[in-house]
Amino acid sequence: MFVRGLKRKCFDGEEDIEGTLAGIKAIPSYNLQRQSLLDMSLVKLQLCHMLVEPNLCRSVLIANTVRQIQEEMTQDGTWQMINTQSTGQASLDRLVSTDILCRSSREQAEGKHVPGYGTFNKDFEGDQGQDSSETMSTASSVQAPRNLQSNIWEMENPQENKGNFQKSLDQIFETLENKSPNSVEDLFSEVDNSYYDLDTMLTGMMSNTKMGHCDALETFSSPTNTASNSNCKSDLNELDHIVEILVES
Amino acid sequence: ADIISTVEFNYSGDLLATGDKGGRVVIFQREQESKSRPLSRGEYNVYSTFQSHEPEFDYLKSLEIEEKINKIRWLPQQNAAHFLLSTNDKTIKLWKISERDKRAEGYNLKDEDGRLRDPVRIKELRVPTLKPMDLMVEASPRRIFANAHTYHINSISVNSDYATYLSADDLRINLWHLEITNRSFNIVDIKPANMEELTEVITAAEFHPQQCNVFVYSSSKGTIRLCDMRSSALCDRHSKFFEEPEDPSSRSFFSEIISSISDVKFSHNGRYMMTRDYLSVKVWDLNMENRPVETYQVHEYLRSKLCSLYENDCIFDKFECCWNGLDSTIMTGSYNNFFRMFDRNTRRDTTLEASRESSKSRAILKPRKVCTGGKRKKDEISVDSLDFNKKILHTAWHPTENFIAVAATNNLYLFQDKVN
């Protein structure tokens with residue numbers, strides 16, 4: 001299965017050749033290790049098997065690990081650092097479709113504002129059954145672990161999912177529609193190429209060609225926010241999956 | 001041959017059942033001692049093979065249901081036929097395995113090859129007689145217990161009343177009667193109202209071997225709950241709660257994952273239970289909830305490799321464990337096709353390997369050793385050379401004798417005590 005390896009740190013220009021953890025001469029800092037572990041966990045959670053139901057025990061354990069890391073990072077204060085980094089830029093330019101996609105209908109109704117991966121402020125408008133429409137809307141931030149959890153657990157509630165993802169789709173379309181050409185180019189220029197491998201892999205998993213707009217969405221990934229990239233891909237997976245059900249039912 | 005996913009001796013030890021990833025069940029029978037083959041005692045040969053489960057498709061969720069057999073449990077033998085329960089993720093089946101070694105000959109209305117006889121030609125009546133035939137072993141599904149589990153079934157356990165059994169999935173445990181397939185009682189439900197609050201799942205469950213009202217279930221957080229069905233219909237409130245306090249000095253991000261219990265087994269005498277987590281096996285006295293009475297390290301050398309094992313998902317491997325008949329020795333598997341035995345009385349432990357190279361027929365197994373650091377001695381193997389794809393997850397011990405069955409991926413190994 002695809003798992004991103006731990007990042008190896010280069011010290012004094014020396015590159016470490018050995019692959020094993022024990023062999024690394026320059027041991028990565030605790031923060032870096034923790035961040036790597038967090039990234040790895042998120043990737044694990046989001047790569048769900050399309051055909052067979054994912055192992056619930058494994059998902060729960062990984063989600064608990066993610067929560068644990070985030071709690072520690074919040075206590076450390078490193079959490080705030082990530083947040084300020086993201087909000088520093090113009091929020092309108094950034095699409096974190098993840099957040100929209102990840103929220104359960106309950107959260108959206110409550111309009112939670114919790115620090116999470118990628119941050120915007122948004123006035124949520126839930127218009128169900130709406131096609132690409134005119135009104136501008138931006139996503140609001142939600143706590144990432146909740147998003148992930150609602151993704152995983154909601155395998156059980158396809159009906160609920162349909163509602164969620166329909167809303168999510170609408171919001172994404174709305175945002176896309178209203179981008180001015182200049183900002184679109186800017187977005188493209190910000191795309192982080194290092195994630196194209198992940199993209200290709202995950203796109204390959206998507207069998208449903210009807211979700212063509214998902215491919216377009218993938219290119220709008222936020223470059224500085226690695227986690228939201230991963231989130232985006234997984235939710236597109238989920239989206240695809242749900243739409244398959246919708247179409248077939 | 002497919003990957004073996006479960007191994008189980010029956011109550012007498014004469015039969016050994018294996019289930020595999022392809023939904024097949026293969027039953028081995030022990031050879032009887034005979035004068036012509038004096039060494040044949042102890043050999044198990046194939047007795048019956050049948051397809052227990054087929055892959056299915058859940059149309060509502062648009063997901064496949066694997067045919068992999070998760071568990072097999074035998075019923076005690078009550079007549080000439082043998083009964084076992086086999087389960088995949090969603091459906092439990094009761095199979096009857098019976099022998100046929102006679103057939104009737106001399107029918108009046110049909111020939112030996114089955115063709116109907118011309119009634120005009122029948123001059124006399126005869127009574128059909130039973131003639132011996134080659135032994136045929138038939139397996140037929142007698143009950144199908146379906147549609148009771150939303151989540152994946154991880155355990156089944158036959159009650160000591162031999163009339164009921166439990167089945168456990170990630171969030172619920174159901175009680176069944178062996179005769180009734182259209183109804184089951186939910187006795188444990190840990191599903192939270194809001195699934196986003198889910199942080200713990202059920203990993204294994206088992207009935208007490210003698211007390212038919214008592215069962216235990218283990219969780220992904222390393223806890224075991226003992227429940228008494230007499231106290232209430234829904235056993236959400238446990239009678240006993242077993243948990244070892246965490247050692248704060250060894251806390252890491254992986255602490256919870258490695259504390260997740262993958263198997264729980266009562267001792268034969270019903271006084272103890274054994275739990276298997278990622279790195280150790282623990283024996284608990286049922287009367288003491290705050291800590292186990294014995295802890296055995298299975299492969300402590302992996303503690304420094306947890307991050308890599310998390311990366312390649314090996315940290316989620318579910319190892320099983322088993323008692324010998326006397327409850328004096330416990331056994332569990334590890335990586336590199338190693339399996340470990342711990343003698344509870346002498347506190348001695350052994351590491352053995354199940355592989356073609358190291359075990360010729362009738363050869364005595366050589367103990368293995370993993371080198372944890374420093375200089376590697378001649379026969380030792382270093383931690384980095386271990387093959388993590390060769391994992392022994394399923395082992396079984398004969399109920400009365402020193403016979404063990406070890407499943408190594410798609411091979412089954414049978415070992416016995418040295419015959420003097």
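Among contacts in chain A (heavy atoms within 4.5 Å) between residues at least 6 apart in sequence, 78% join residues at least 24 apart. Of the 249 residues of this chain, 54% count as buried, where buried means under 20% relative accessible area, exposed over 50% and partly exposed in between, with a 1.4 Å probe and protein chains only. Chain A has 11 helices and zero strands; helices (H or I, at least four residues) and strands (E, at least two) are DSSP runs, numbered from the N terminus.

This is a predicted model, in which local features need pLDDT of at least 70 and side-chain atom pairs count only at pLDDT 80 or more, while totals for chains, interfaces and linings use all residues. Residues are numbered from 1 along each chain as its sequence is written, chains are lettered from A and ligands numbered from 1 in the order in which they are written, and side-chain values use heavy atoms, with hydrogens and water left out.

## Nonpolar cores

A nonpolar core is a set of buried Ala, Val, Leu, Ile, Met, Phe, Trp, Tyr and Cys residues joined through side-chain atoms within 4.5 Å. The largest one holds 43 residues, and the members that touch the most others are B:F254, B:Y278, B:L302, B:L309, B:Y310, B:I315 and B:L386. At least two residues of this core come from each of α1 (30–46) and α2 (56–76) of chain A and α1 (255–259) and α2 (306–311) of chain B. The most, nine residues, are given by α2(A).

B:L302 touches B:Y278, B:L279, B:L309, B:Y335, B:V383 and B:F388, not counting residues up to four places away in sequence.

## Cysteines

How many disulfides does the structure hold over all chains? The number is zero, with a disulfide taken as a pair of cysteine sulfur atoms within 2.5 Å. The sulfur of B:C235 has its closest cysteine sulfur in B:C227, at 5.2 Å, which is too far for a bond. For B:C307 the closest cysteine sulfur is that of B:C314, 13 Å away and also too far for a bond.

B:C235 is buried, at a relative accessible area of 1%. B:C307 is buried as well, at 15%.

## Paired strands in chain B

Two strands pair if DSSP finds at least two bridges between them. Strand β8 (residues 82–87) of chain B pairs with strand β9 (residues 92–105) of chain B in the antiparallel sense over six bridges. A hairpin of four residues joins β8(B) to β9(B), and B:L85 stands opposite B:L94 in β9(B).

β9(B) also pairs with strand β10 (residues 129–145) of chain B, in the antiparallel sense and over 13 bridges. Here B:R100 stands opposite B:M136 in β10(B).

## Cavities and pockets

Grid points are joined across faces, edges and corners, and a volume is the space filled by probe spheres set on the points. The structure holds six cavities of 30 Å³ or more. The second largest cavity has about 110 Å³ of space and a lining of 13 residues, of which B:S260, B:I315, B:F316, B:D317 and B:K318 lie nearest its centre. The largest share of this lining, three residues, comes from α2(A).

The second largest pocket has a volume of about 1,400 Å³. Its lining has 38 residues, with B:L365, B:L414, B:F415, B:Q416 and B:D417 nearest its centre. β31(B) supplies the largest share of the lining, six residues.

## Loop residues in chain B

B:S250 is in the loop between β18 (240–242) and α1 of chain B and counts as partly exposed at 33% relative accessibility. Leaving aside neighbours within four places in sequence, B:S250 is in contact with B:S255 and B:R303.

Most residues other than glycine have a negative phi. B:N147, in the loop between β10 and β11 (153–158) of chain B, has a positive phi near 65 degrees and is exposed at 79% relative accessibility. B:R347 has a positive phi of about 65 degrees; this residue lies in the loop between β25 and β26 of chain B and is partly exposed, with a relative accessible area of 48%.

Note on methods. On a 1 Å grid over the protein atoms alone, a cavity is a set of points where a 1.4 Å probe fits but cannot get out, and a pocket is an open set with protein on both sides within 12 Å along at least five of seven lines; lining residues have an atom within 4 Å of a point.
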